[in-house]
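Take a walk through the model shown here.

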Amino acid sequence: MEEGMKEEHIKASCLGADSSGQESKESMPETGSSAEEPKENPSETGSPGIDARKCKKTSEGARASGTCPQNLLETIMDTFPGKRQDIRSYSALSLAYIGDVVYDLIIRTVVVSRANRPVNDLHRITVGYVSAGAQSKIVQALTGSLTEEEAAVYRRGKNSKPHTTAKNASVADYLRATGFEAVLGYLYLKGDMERALHLVKEGIALAGLNI
């Protein structure tokens, strides 16, 4: 008799029942419900092929949505590995050289993304923002927004002695534009594109240039 009771108790335990023969509510899910699967944290997993944990310079919102973009500079350096120059050793003109392309890429990206226009129209709109005169207005509007570090880079660029000058701009505008490009080049090589984008957006708005 005792052995039979023991066997029944063992079977009931295996089936999730308590000693009274009733099924345990804790061990059996309710009808229509399923065990909740652990949710992945998008800020850690990110989109396929993107390690969102590495996107330290990207906004919290972007990381939370899992859309954290890869750092272009790091992607290029990973693709073309080799010795990397100390950013502090670059001349102001070298910083402006790369900064010119960075600024151009930002503006062209925005212009192209707004509409599919003929190339001539794209060029005409872009020139309105990338010309030395436009950059001069933008950087002057940003005077109070630059950090001490950025202001120092800007002064180096503005006080440099470029070998060429813009055909349709004054020397003063050209030098201010060179200083602005040096700042963007510095931020890009520093890996802080978020700050570069912020300055471009804020500068355009403060200068009264709609884009």
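The model is predicted.

Start inside. The largest nonpolar core has 28 residues. Those with the most contacts inside this core are Tyr103, Ile107, Phe180 and Val200. Six helices each supply at least two residues of the core: H5 (92-114), H6 (119-130), H7 (132-141), H8 (148-158), H9 (171-190) and H10 (193-206).

Now look at Ile107. Leave aside its neighbours within four places in sequence.

Next come the rings. A pair of aromatic rings is described by the distance of the centres and the angle of the planes. The structure holds one aromatic pair. Its members are Tyr103 and Phe180, in an edge-to-face arrangement. The centres are 5.4 Å apart, and the planes make an angle of 75°. What does this pair tie together? Tyr103 lies in helix H5 and Phe180 in helix H9, so the pair links parts that are 77 residues apart in sequence. Both Tyr103 and Phe180 are buried.

Stay with H5. With 23 residues at 1.5 Å a residue, H5 should span 33 Å. The C-alpha atoms at its ends are 33 Å apart, which agrees. Which residues of H5 are buried? They are Ala92, Leu95, Ala96, Gly99, Val102, Tyr103, Asp104, Ile106, Ile107 and Val111. The cover over the buried residues of H5 includes H6, H7, H8, H9 and H10.

Turn to the charged side chains. Side chains of opposite charge can pair when their charged atoms come close. The count comes to seven salt bridges.

One of them joins Arg88 and Asp86, at 2.8 Å from N to O. Arg88 is exposed, with a relative accessible area of 70%. Asp86 is partly exposed, at 35%.

Another salt bridge joins Asp121 and Arg124, at 3.7 Å from N to O. An α-helix has 3.6 residues a turn, so residues three or four places apart point the same way. Asp121 and Arg124 are three residues apart in helix H6, so about one helical turn separates them. Asp121 is partly exposed, with a relative accessible area of 28%. Arg124 is exposed, at 55%.

In helix H9, Arg176 and Asp173 are also three residues apart, about one helical turn. Their side chains meet in a salt bridge at 2.9 Å, N to O. Arg176 counts as partly exposed, at 21% relative accessibility.

Methods
Residues numbered from 1 in each chain as written. Predicted model: local features only at pLDDT ≥ 70, side-chain atom pairs only at ≥ 80, totals over all residues. Heavy atoms only, no water. Core = buried A, V, L, I, M, F, W, Y, C linked by side-chain atoms within 4.5 Å. Buried < 20%, exposed > 50% of the residue type's maximum accessible area, 1.4 Å probe, protein only. Helix = DSSP H or I, 4+ residues; strand = E, 2+ residues; numbered from the N terminus. Contact = heavy atoms within 4.5 Å. Phe/Tyr/Trp six-rings, centres within 6.5 Å; stacked < 30°, edge-to-face > 60°. Expected span 1.5 Å × (residues − 1). Salt bridge = Lys/Arg side-chain N within 4 Å of Asp/Glu carboxyl O.
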